[in-house]
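Subject: Handover of a structure

Dear colleague,

Please find the structure below, followed by an account of what was found in it. I would be grateful if you would read the two side by side.

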Amino acid sequence: MSSVKPKTTTTSSSASSNATGITKGISNLSFNDPNARRLSTVGPTANAGVAAARQPAQQQSPSSAASQASKLQQTRRRLSMMSAPTGLMGKLDGETDEPDVKESGAKGTGNQPLRSPLGGKKKKIFSAYASLSKVGYVPFNPNKVNQDRACEVVRFNGYDERAFFAVFDGHGALGHEVSEFCTRELPKSFIKQGSLLDNDPHTAITNAFLDVNSKLSKGSIDCTFSGTTCIACYLVGTKLYSCNSGDSRAVLGRLGNDNKYQAVALSSDHKPERPDEKKRILECKGRVEACKGLKGEDIGPARVWLLHQDVPGLAMTRSLGDLIAASVGVSCKPEIWERELDEHDKFMVIASDGVWEFISNQEAVDLIAREKTPEDACRVIVDEATKRWHGEEEVVDDITALIIYF
């Protein structure tokens, strides 16, 4: 059984039962088809909320502030960002003053599998795909928007044998705008690399991430305390490039000779407790520690902070955007693994950490392997992740799964 061979680019409510749009396809959408690129759209009503999110927080009495601090410490332990400079904790992930606008219904067209035209020597790159996203739930943020986005581009840049799939997980007050921006711009930046994408794909992919991050920093979205993770999988025939920046994840379902499915990691989470990632943060004069409770005890995962200020409290060490976090070593550069797919590789799941918080790689593969279609597999993964969040926490993170059958 082959293994992933990493070639790494390094750096010195209750939740609503309505899901945000299931997308599906049988491999023949074009790059210009919006259904091939976008899972969900934050509608016009969210724009007013974004403006409201930029307003200063109202003054609070010490007693109400202490009460809110206690609630935050208990219910926000696992989410991506803990603080920003305005108000007690600043605006939370996806907090707006208007409700999220949800899409529903199936998307995608066509019913023929896509086959590689490479002289018959390459197998079809995939047969079908689907994605499903569900907005999370925060008790004291009833208007929370879904900050996750999924991106599906088949016939990438006009080539039948190429495809681009990605999941973005936004965080901070404007995380949904950042993830939406990256959904549009990252595929374009890949194409912008031209022949370099064929001749030196690792350099080209890194350049594409850097290009999008530069556009974010110079654009109209305030990325001071907002950003997004990205896990992108670029297929060229039977070659798979998995490109990760953050703590979303890709996992391969591989059928062994014993007729049992094995989970094969296609990425490694960029968490502050990972030794190489922590080393970079500390060398850049950042600080890595968990949030503190009222008695000084650690609460939740390790986070990235400025050396002498309790911001931004980011729960990952790589992301796009996040300008303050970038000042202490949080990097947008992707870690790139490559793999040659074969007949034993049956499917791939790309998902935000809303899935992976309580579901292991092998559990996800086992759940998917029982289903006949990627649409059904998406629903099972999203429903199970939601169930486990409710069983463990008062909050539910945004949950997104994108599943590709080979």
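Which residues form one aromatic cluster? The cluster is formed by Phe156, Phe164, Phe190, Tyr234 and Tyr241. Rings of Phe, Tyr and Trp (its six-membered ring) count as a pair if their centres lie within 6.5 Å; planes under 30 degrees apart are called stacked, over 60 edge-to-face, and the rest tilted.

Residues are numbered from 1 along each chain as its sequence is written, and side-chain values use heavy atoms, with hydrogens and water left out.

Confidence

The pLDDT is the predictor's confidence in each residue, from 0 to 100. The chain averages 79, and 69% of the residues score at least 70. Residues 1-18 stay under 50, and over residues 85-92 the pLDDT is also below 50. Where pLDDT is low, the predicted coordinates should not be read in detail.

Aromatic pairs

Eleven aromatic pairs are present in the structure. One of them joins phenylalanine 164 and phenylalanine 190 edge-to-face, with 5.0 Å centre to centre and 70° between the planes. Phenylalanine 164 belongs to strand S5 (residues 162-171) and phenylalanine 190 to helix H3 (residues 175-192), 26 residues apart. Helices (H or I, at least four residues) and strands (E, at least two) are DSSP runs, numbered from the N terminus. Both phenylalanine 164 and phenylalanine 190 are buried; buried means under 20% relative accessible area, exposed over 50%, and partly exposed in between (1.4 Å probe, protein chains only).

Phenylalanine 358 and tryptophan 389 also pair edge-to-face, at 5.0 Å centre to centre and 85° between the planes. Phenylalanine 358 sits in the loop between helix H8 (353-356) and helix H9 (361-369), and tryptophan 389 in helix H10 (residues 374-392), so this pair ties together parts that are 31 residues apart in sequence. Phenylalanine 358 counts as buried at 17% relative accessibility, and tryptophan 389 at 0%.

Two strands pair if DSSP finds at least two bridges between them. Strand S6 (residues 227-236) pairs with S7 in the antiparallel sense over seven bridges, and tyrosine 234 stands opposite tyrosine 241 in S7. Two residues lie between S6 and S7 in their hairpin, and glycine 237 in the turn has a positive phi of about 60°. On S7 (residues 239-245), six of the seven residues are buried, so the strand is largely enclosed by the rest of the structure. S7 is also joined to strand S14 (residues 335-340) by six bridges, running antiparallel; here asparagine 244 stands opposite glutamate 335.

A sheet of three strands

An open sheet has the order S10-S11-S12, with antiparallel pairing. Its edge strands are S10 (286-292) and S12 (312-314), each of which pairs on one side only. S10 and S11 (residues 298-306) pair over seven bridges, and alanine 290 stands opposite alanine 302 in S11.

Cysteines

Taking a disulfide as a pair of cysteine sulfur atoms within 2.5 Å, the count comes to zero. For cysteine 230, the nearest cysteine sulfur, that of cysteine 182, is 7.1 Å away. Cysteine 230 counts as buried, at 0% relative accessibility.

Notes:
This is a predicted model: local features need pLDDT of at least 70, side-chain atom pairs count only at pLDDT 80 or more; totals for chains, interfaces and linings use all residues. Contact means heavy atoms within 4.5 Å.
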